[in-house]
Amino acid sequence: MIKIGWDTVMRDVYMMTESVTDHFDAVVGIANGGIVPAVLIANRLGVKDILTIYKSYDRDYVESMLQDYEKVLIIDDINDTGDTISQYLNLDHNNCRCATLYRRYNTKQSKVAYGRQLESNEYFQFPWEYYS
């Protein structure tokens, strides 16, 4: 297991937000891992509305939750297999974009924006997971 520290996370938040040039009305964190990165990214982008969704939520619920927002950025901590983030790639919401703080080198979803690519299959522990 590789522990990722706060300094590394903050550097990677900066790198990810440098690649995002759009203005968003809301940032959505996929619970549990995407909540902390969503807050950090929203703060960096100057977005005030931060929402939370669970990967078990169905598409209709998520789409109804986002209907009041013109442009939405959905965040998760890591694009590992691509299964979680793929649930949100093709929402009916016209201006929805997905991004992750980290992307595993062999993910199935390679078109999702990310901060840093991980070249290892080892488990990564983020600072918000240290005590779990």
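This is a predicted model: local features need pLDDT of at least 70, side-chain atom pairs count only at pLDDT 80 or more; totals for chains, interfaces and linings use all residues.
## Helix α1

Helix α1 spans residues 6-18 and contains 13 residues. From its first C-alpha to its last it reaches 18 Å, close to the 18 Å expected at 1.5 Å a residue. Its buried residues are Val9, Asp12, Val13, Met16 and Thr17. They cover an arc of only 135° around the axis, which puts them on the same side of α1.

The elements against which these buried residues pack are helix α2 and the strands β4 (72-79), β5 (96-104) and β6 (113-118).

## Helix α2 and its surroundings

Helix α2 comprises residues 35-45. Buried within this helix are Pro37, Ala38, Leu40, Ile41 and Ala42. These residues pack against α1, β2, β3 (49-54), β4 and β5.

Val39, by contrast, is partly exposed, with a relative accessible area of 33%. This residue also belongs to α2. Together with Ile35 and Ile50, Val39 forms a nonpolar patch on the surface, and the accessible area of the three residues together is about 190 Å².

The peptide bond that joins Ala31 and Asn32 is cis, with omega at about 0°. Asn32 is placed in the loop between β2 and α2.

After α2 comes Gly46, a residue with a positive phi near 75°.

The whole structure contains seven salt bridges. In one of them, the side chains of Glu18 and Arg44 meet at 2.8 Å, N to O. Because Glu18 lies in helix α1 and Arg44 in helix α2, this pair ties together parts that are 26 residues apart in sequence.

Both partners are partly exposed: Glu18 has a relative accessibility of 47%, and Arg44 has one of 37%.

## Salt bridges of Asp22

Asp22 takes part in a salt bridge with Lys71, in which the closest N and O atoms are 3.9 Å apart. The pair links distant parts of the chain, 49 residues apart: Lys71 is in the loop between α3 (59-66) and β4, whereas Asp22 is in the loop between α1 and β2 (26-31). Lys71 is partly exposed, at a relative accessible area of 25%, and Asp22 is also partly exposed, at 30% relative accessibility.

Asp22 forms a salt bridge with Arg97 as well, and here the closest N and O atoms are 3.8 Å apart. Asp22 lies in the loop between α1 and β2 and Arg97 in strand β5, so this pair ties together parts that are 75 residues apart in sequence. Arg97 is partly exposed, with a relative accessible area of 27%.

## A network of shared partners

Technical notes: Residues are numbered from 1 along each chain as its sequence is written. Side-chain values use heavy atoms; hydrogens and water are left out. Patches are made of residues with over 30% relative accessible area and no salt bridge: like charges are joined within 9 Å, nonpolar side chains (Val, Leu, Ile, Met, Phe, Trp, Tyr) within 5 Å. Accessible areas come from the Shrake-Rupley method with a 1.4 Å probe; for residues, only the protein chains shown count as cover. A salt bridge is a side-chain nitrogen of Lys or Arg within 4 Å of a carboxyl oxygen of Asp or Glu. Helices (H or I, at least four residues) and strands (E, at least two) are DSSP runs, numbered from the N terminus. Buried means under 20% relative accessible area, exposed over 50%, partly exposed in between (1.4 Å probe, protein chains only). The expected span of a helix is 1.5 Å times one less than its number of residues. The arc is that of the directions from the helix axis to the C-beta atoms. Contact means heavy atoms within 4.5 Å.
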